[in-house]
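Have the sequence and the 3D view open as you read.

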Amino acid sequence: MTNELYPSHIADLLSKRAELTPERVGLVVAESAATYTYRELNARANRLANLMRSLGVGKGDRVAILAQNSVVYVDLLYGLAKIGAILAPLNWRLTARELSYIAADCAPRAIVCGPEYAGVLAELRREVDIDIVLGIEGAQIEGGQSYEDGVAAAADAEPERPPLNSEDICCILYTSGTTGRPKGAMLPHRQVLFNCINTVISWGLGADDISPVMTPMFHAGGLFVFLTPLFYVGGKIIMARSFDSEASLALIQRERCTVVLGVPTLFQMWMASPSFAAADFSAVRYFVSGGAPCPVSLIHAWREAKGGVLRQGYGLTEVGVNCFTMSNEESVRKIGSVGHPIYHSRMRIVDGDGRDVVRGETGELIIWGPHVCAGYWRNEAATAQALRDGWFHTGDMARQDDEGYYYLAGRYKDMIISGGENVYAAEVETVFLEHPAVGEAALIGLPDAHWGEVGQMIVVTRPGRTATEEELLSFCRARLARYKVPKRVVFVEALPYSPYGKVIKAELRQRYGSDAASTL
Ligand code: AMP
C-alpha cells in the first residue's frame, strides 16, 4: 500500500481521545477497581514513550512484554506507537525454550516483565541478550529497573514523534506455523487503525459500550477485538488480570457490560458455572464467540438458557481479529454462519489453483484489505506463501450459502485449536521426534467437549526402542507449553503415507480419531 497524504497511523489515537473526552473513564481494572480516564491513559502512554526514548529505544525497535493483563499493555501499545517502536507481546504459557526462540527472532531492545515470570526471564536471558529490562509490580529481576518508577519519573508531555506512515509496523504477534517454528506476524499501523474503523462501523460500537477483556493481551483477541475499537470511540474496557469463570460472570453483571467476547471453551465454562443460572445479562447487547469453531449446539444451548444474542465471529492474527459481521437477527436466522465480510474488506473462496469456486462449494478463504498484515518478521518464505498479490491465504476452509453468507468449514492447515489456543501439528511432532525412541510422529485432533479439540499423537517407535506414553508426554511437557502437549499417545506399527511421502492424516483421524476414540 502506498504512503497516503494523511498517514493512517495509530500514534495519535489516544491523544485525540484525551482531547475529545479527557474525563471519560476508558479503563477499569477489574480486581482493584482502579479507573483511568482517557487523559490519564494518554499521559501514561506519553510517560512510557518518553521513558523508552530516554533509554535509547527508537523507531523500529522491538519491546517485548511477558506479563498478565494490566494497564501496562495499554501504555505499551499506544506509547510505543507514538515513538514508532514495536510492541512484541510474549505468550506466558510458553516455556523458556519456546520464548528464547521468539526473543532471538525478534531481538527486543527492551523487555517488560511481570513478577510471575522473573524465573522464566532469567532462563531466557541465558540464551538471548536483552539490553533493557523493566520489572512491573515489584518483579525481582537481576539488572532490571522498576517499570513504575521509570514511568512515574518520565515527563507526560507528548513525545517527540519520528516520521510515521501507515506501513510502519506497530506490533509483532507470534503464531506457530506449518514449519513447526513460530512466525512473527507484522501488524502495520494501518491494520490496527482499520480494525478499529471496521469494527466500530460493522459491529455498531459506540461511546456507551462497555466490554470486559479477560482473554490474554498477548494475543490479538485481547488487544484488538474490543479494546482498540472501543478506545477509538471513547467506550470503556474492564480489564481482568486473567480468566476466572465465576469472577468474569460477576464482572459482566456488575459493570453492566454491553459487548462480550469469548472463545467456545469460555462459553462452556460459563454454562458450567454455579452462578450461570442466576446470571443477569440484561445489559449485554451481544456476545461474540471467536478464535475457534463454535458448535451450533453450544449456541442453541446458550440461547435456550439465557436468550439474548450470541454471534459467531472469525478472525486471524494476520488479518485482524474481526473479519465478519452479522446482525442480531441474522445470528438467529443464519445460525452457524459468520455472516458477511466486515466493511473495508474483500474476500474470496478459491480452489487449489486460486480460482474462485462456484457458490456453495468449499475452498480456501482468502482476504484482501487494509486490515491485512504486512507479512512475517524476517521470514520472506512464509510471507510469500501467505500473501500473494496482497491476498492473505488463511488456510481455512469456507463456503457461502445461496444468500452469500459465509460458513467456516474446516482447515487446510495442519493445526488444532484447544481452548482457543492454536497448536500446530508440526511443532509438536518436531518435539516428539527429538525423543530417541520416536521414529515417526503424527498429531491429530480429537473433539473434546471442554477444549473443543485435544491433541492425540500417533507414534511409531524406532526399531529396538520402546517408550511409554507418560515418558513421551513428560518429555514434551519440558519443552512445550501445556496446551500443546497431546492428551494421549497411541503407538502403532506404521503410519499411512501418500505417494508424495506425506502422512495421510485423514486416514489417521478415521482410524484413531473421534469415531474410533471410544474403542481405543
Ligand atoms: P488466531 O490467529 O490465533 O486468532 O487463530 C486464527 C484461526 O482460528 C483461524 O485461522 C481459524 O482456523 C480459527 N478460527 C477463528 N475463528 C473461527 C471460527 N469462528 N470458526 C472456525 N475457526 C475459527
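## Around the ligand

The ligand is surrounded by 16 residues, and the closest of them are Gly313, Leu316, Thr317, Asp396 and Lys413. By type, the shell divides into 7 nonpolar, 6 polar and 3 charged residues. In this sorting, Ala, Val, Leu, Ile, Met, Phe, Trp, Tyr, Cys and Pro count as nonpolar, Asp, Glu, Lys and Arg as charged, and the others, Gly among them, as polar.

This is a predicted model, in which local features need pLDDT of at least 70 and side-chain atom pairs count only at pLDDT 80 or more, while totals for chains, interfaces and linings use all residues. Residues are numbered from 1 along each chain as its sequence is written, and side-chain values use heavy atoms, with hydrogens and water left out.

## Polar contacts and cover

Two or more shell residues come from each of strand E21 (406-411) and strand E22 (415-418). Such elements are DSSP runs numbered from the N terminus: helices (H or I) have at least four residues and strands (E) at least two.

## Cysteines

How many disulfides are there? The count comes to 0, with a disulfide taken as a pair of cysteine sulfur atoms within 2.5 Å. For Cys196, the closest cysteine sulfur is in Cys170, 9.9 Å away and so too far for a bond. For Cys294, it is in Cys323, at 17 Å, which is also too far for a bond.

Are these two cysteines buried or exposed? Cys196 is buried, with a relative accessible area of 0%, and Cys294 is buried at 7%. Buried means under 20% relative accessible area, exposed over 50%, and partly exposed in between (1.4 Å probe, protein chains only).

## Buried spots elsewhere

Ser273 sits in the loop between helix H11 (264-271) and strand E13 (286-289), yet Ser273 is buried, with a relative accessible area of 7%. Beyond its neighbours within four places in sequence, Ser273 is in contact (heavy atoms within 4.5 Å) with Ser245, Glu246 and Leu249. Glu246 is 27 residues from Ser273 along the chain, with 6.6 Å between their C-alpha atoms.

Leu310 belongs to strand E14 (residues 310-312) and is buried, at 2% relative accessible area. Setting aside neighbours within four places in sequence, its contacts include Phe267, Phe287, Trp302 and Ser331.

His393 is part of strand E20 (residues 391-400) and is buried, with a relative accessible area of 15%. Its side chain reaches the backbone oxygen of Trp391 at 3.1 Å. Not counting residues up to four places away in sequence, His393 touches residues including Glu364, Ile366 and Arg388.

Helix H15 (residues 425-433) is mostly covered, with 7 of its 9 residues buried. Among them are Ala425, Val428 and Phe432, as well as Glu427 and Glu429.

Methods: A residue is near a molecule or strand if one of its heavy atoms lies within 4 Å of it. A polar contact is a pair of N or O atoms within 3.5 Å; within protein, one must be able to donate a hydrogen and the other to accept it, and residues adjacent in sequence count only if both atoms are side-chain atoms.
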